[in-house]
Amino acid sequence: MYERISACLDGDLSRADLSPLERVELDRLEALLDEVAAHLRTRPMPDLTDAVMSRIDRLSPRSTSLWAWLGAWLWTPRTLQLRWRPAYAVGAMAALALLLVPRPAEPPGAQPAPIVAAAPEAGTADPADARGNTAPVDTPVYVQFRLEAAGASRVALAGNFTGWEPRYELQETAPGSWSIVLPLRPGVHDYAFVVDGRHWVADPYAPRVDDGFGGANSRIALLPPDAGRRL
Amino acid sequence: MRSRHDPTVRPLPVPDDATLIDRVLNGQSDHFALLVRRYQDALYRFAFGMVGDSDVAADLVQDTFVKGFTHLGRCRQPARFGIWIHQILRNRCLDYLKNRRRRNVSIDDHPQLPCERAGPDVDLDRRELRGAIRRALARLPEAQREAFLLKHVQDLSYEEMADLTGASVSALKMRVLRAREALQALLRDESARAEHARDADLASFV
């Protein structure tokens, strides 16, 4: 019976299709739903406009010059709240010690880091292939990012490696064809192109991942340059 | 000179979401205030329904608008800003509830809200009912609570709900059905408990 009443509430069943008993139950349920909705709709609503806009004003340096804003930002005293766990400090010290251990010198004739395309062919950049590597993994890999965007006047690149700021401007190497080569650390990187400062566009030739805003970013996985030699 | 009551003077058309977003992206950030005014009540209602605390709901809505402003360039369908900003709020509410679960804070640990406190001008039955509704909503599983609020408080269609949550229409219908059923049962229990408490009070006077 409950399914039929619910179907009637959802408009999938007409009230005339219900039995008299079901109609009584429907009226009771509608009254209850009205009461619950009214409980939330009639609450006093705070006006958050001023609070939101003042936070936005603090974020946005548009009203003043960049240098003035930077100066004010550097000079404004701030309260720093620090909560830490000693276990993290031990971990950080261990990581620091590892970094300070002298590394073997690069053998003569070492090859420069290769340039790879931003959207590699499937299977060529699986990070799982690099398991067991013992060489340092922070040697950069030069990656070429390309986008066909006819009519664009500006194309930039943003990614988790830029804190999602569209920091790198692509060059228009041919009409409508934009490109840049960047050194990136081996690993998995998410990125997107920003066309004319406002349109976020995923790389049509790279795997896509949800960006959390209803759109998609692109993902690239980079092996260390010498991973193939060490397999 | 025309007065403001002159029938030939028409009010300026209210700019739609896409127009406002375009202005904000072109540097007129103060126009974002119109979007805040347009959507804050609906967002606050949803947030309050989800977390059951008015201060937390207001904070979540503020954070949502600030995040929406800083990521406005990523709103790919400006005409559907309402759904987009709702998605951001939904994610913030779910994160908040996840953290609250981790801290093991119950909904009943929150202080009673001012309008739910006893007062001479408040009808006792209504106050009881409000408290009961709040507790019943809080006891619904999150997915059911969310579906119920979107359907019956935000008045969204099932298609809009599917767009917002990523769930299918049939799954959402089932969640709403279960939520209605559970709410009815929970409120019936609350009512029986209140009746029992009243009888016990009465008996203590006899």
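Predicted model: local features only at pLDDT ≥ 70, side-chain atom pairs only at ≥ 80, totals over all residues.
## A strand pair in chain A

V141(A) belongs to strand β2 of chain A, which covers residues 141–148. Eight bridges tie β2(A) to strand β6 of chain A (residues 177–184), and the two run antiparallel. If you follow the side chains along β2(A), they alternate. V141(A), V143(A), F145(A) and L147(A) point to one face and are buried.

## Where chain A meets chain B

Now for the contact between the chains: chain A puts in 32 residues and chain B puts in 39. On the side of chain A that touches chain B, the elements giving two or more residues are α1 (2–9), α2 (20–41) and α3 (49–59) of chain A. Of these, α2(A) gives the most, with nine residues.

What does that side of chain A look like by class? There are 17 nonpolar, seven polar and eight charged residues.

## Two helices crossing in chain B

Over in chain B, have a look at helix α3 (residues 54–70) and helix α4 (residues 81–103). Their axes come within 9 Å and cross at roughly 130°, which makes α3(B) oblique to α4(B). The crossing is right-handed.

Which residues make this contact? From α3(B) come V56(B), L60(B), V61(B), D63(B), T64(B), K67(B) and G68(B). The α4(B) side brings I85(B), I88(B), L89(B), R92(B), C93(B) and Y96(B). Sorted by class, the residues of this contact are eight nonpolar, two polar and three charged.

## Two aspartates with positive phi

Two spots are worth a click if you like backbone angles. D196(A) has a phi near 55°, a positive value in a residue other than glycine. You'll find D196(A) in the loop between β7 (187–195) and β8 (199–201) of chain A. Is D196(A) partly exposed or buried? D196(A) is partly exposed, because 13 other C-beta atoms lie within 10 Å and the buried class starts at 20 or more.

Chain B has a case of its own: phi of D155(B) is near 55°, again positive in a residue other than glycine. D155(B) sits in the loop between α6 (142–153) and α7 (158–165) of chain B. With 11 C-beta neighbours inside 10 Å, D155(B) counts as exposed, since that class takes residues with 12 or fewer.

How values were computed: Residues numbered from 1 in each chain as written. Chains lettered and ligands numbered in written order. Axes fitted to C-alpha atoms, helices over the stretch in contact; angles between N-to-C directions. Helix = DSSP H or I, 4+ residues; strand = E, 2+ residues; numbered from the N terminus. Parallel < 35°, antiparallel > 145°, perpendicular 65-115°, else oblique. Left-handed = near helix turned anticlockwise from the far one by under 90°. Contact = placed C-beta atoms within 7 Å. Nonpolar A, V, L, I, M, F, W, Y, C, P; charged D, E, K, R; others polar. Pairing = 2+ DSSP bridges.
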